[in-house]
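Subject: Handover of the model and notes on its structure

Dear colleague,

Please find the structure below, handed over with its sequence so that you can follow these notes with the coordinates open.

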Amino acid sequence: MFIEVLKSKIHNVTVTGANLQYVGSVSIDEDLMEASNIIENEKVQVLDMNNGERLETYVIKGKRGSGEICMNGPAARKVAIGDIVIIMSFATIDFQEGVSFKPVIIFPDTKTNKLI
């Protein structure tokens with residue numbers, strides 16, 4: 001049997017940009033991507049702490065060290081610059097592996113989006 005588990009979580013970062021004219025996705029500072037074990041093109045859920053919005057999109061690399069969290073395409077209408085969001089990805093794994101699996105969860109500084 002396979003189950004879906006939390007794989008990675010970036011907890012409480014501030015949205016720094018919104019680009020409605022971009023094709024789609026969320027741009028994430030490459031430092032945050034590496035620290036949270038999230039890769040480019042990976043599907044993620046974005047949860048907006050300010051308005052309760054929850055959406056799915058995919059990740060593109062943001063500028064390393066910039067603290068960038070930019071909502072692109074239609075997601076730019078759902079999440080405002082300055083909102084606090086949680087970004088999560090999930091993995092499908094064997095149930096037995098899931099018993100001991102530990103997700104990677106990071107808690108960047110909410111003001112700068114830099115790793116603490």
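What follows is an account of the strands, the core, the salt bridges, a surface patch and some loop residues.

This is a predicted model, in which local features need pLDDT of at least 70 and side-chain atom pairs count only at pLDDT 80 or more, while totals for chains, interfaces and linings use all residues. Residues are numbered from 1 along each chain as its sequence is written, and side-chain values use heavy atoms, with hydrogens and water left out.

Strand pairing

Helices and strands are DSSP runs numbered from the N terminus (H or I with at least four residues for helices, E with at least two for strands), and two strands are taken to pair if DSSP finds at least two bridges between them. On that basis, β1 and β7 run antiparallel to each other and are joined over 10 bridges, with F2 having D94 in β7 as its bridge partner. Strand β7 also pairs with β4, again in the antiparallel sense, over four bridges, and here V46 has I87 in β7 as its bridge partner.

The nonpolar core

A nonpolar core is a set of buried Ala, Val, Leu, Ile, Met, Phe, Trp, Tyr and Cys residues joined through side-chain atoms within 4.5 Å, where buried means under 20% relative accessible area, exposed means over 50%, and partly exposed lies in between (1.4 Å probe, protein chains only). The largest such core has 19 residues, and the members that touch the most others are I10, I28, I69, M71, V85 and I87. At least two residues of this core come from each of β1 (2-14), β3 (25-29), α1 (30-36), β4 (43-48), β5 (54-62), β6 (69-72) and β7 (84-94). If you wish to inspect one member, I10 is in contact (heavy atoms within 4.5 Å) with I28, L32, S36, I38, V85, I86, I87, I106 and P108, once its neighbours within four places in sequence are left aside.

Salt bridges

With a salt bridge taken as a side-chain nitrogen of Lys or Arg within 4 Å of a carboxyl oxygen of Asp or Glu, the count comes to seven. One of them joins E30 and K61, whose closest N and O atoms are 3.7 Å apart; because E30 lies in helix α1 and K61 in strand β5, this pair ties together parts that are 31 residues apart in sequence. E30 is buried, with a relative accessible area of 19%, whereas K61 is partly exposed at 44%.

Another salt bridge is formed by R64 and E34, with 2.7 Å between the closest N and O atoms. R64 lies in the loop between β5 and β6 and E34 in helix α1, so this pair connects parts that are 30 residues apart in sequence. R64 counts as partly exposed at 39% relative accessibility, and E34 is exposed at 53%. E30, D31, E34, K61 and R64 are linked in a network of salt bridges.

The side chains of K43 and E56 also meet in a salt bridge, at 3.8 Å from N to O. K43 lies in strand β4 and E56 in strand β5, so the pair ties together parts that are 13 residues apart in sequence; K43 itself is exposed, with a relative accessible area of 54%.

Loop residues

G67 is found in the loop between β5 and β6, yet counts as buried, at 0% relative accessibility. Not counting residues up to four places away in sequence, G67 touches T16, D29, T112, N113 and K114. The C-alpha atoms of G67 and L115, which are 48 residues apart along the chain, are separated by 9.0 Å.

Most residues other than glycine have a negative phi. N37, although not a glycine, has a positive phi of about 65°, and N41, also not a glycine, has a positive phi of about 75°.

Surface patch

M1, F95 and V99 make a nonpolar surface patch of about 340 Å². Patches are made of residues with over 30% relative accessible area and no salt bridge, like charges being joined within 9 Å and nonpolar side chains (Val, Leu, Ile, Met, Phe, Trp, Tyr) within 5 Å; accessible areas come from the Shrake-Rupley method with a 1.4 Å probe, and for residues only the protein chains shown count as cover. V99 lies in helix α2 (residues 95-100) and counts as exposed at 56% relative accessibility.

With best regards
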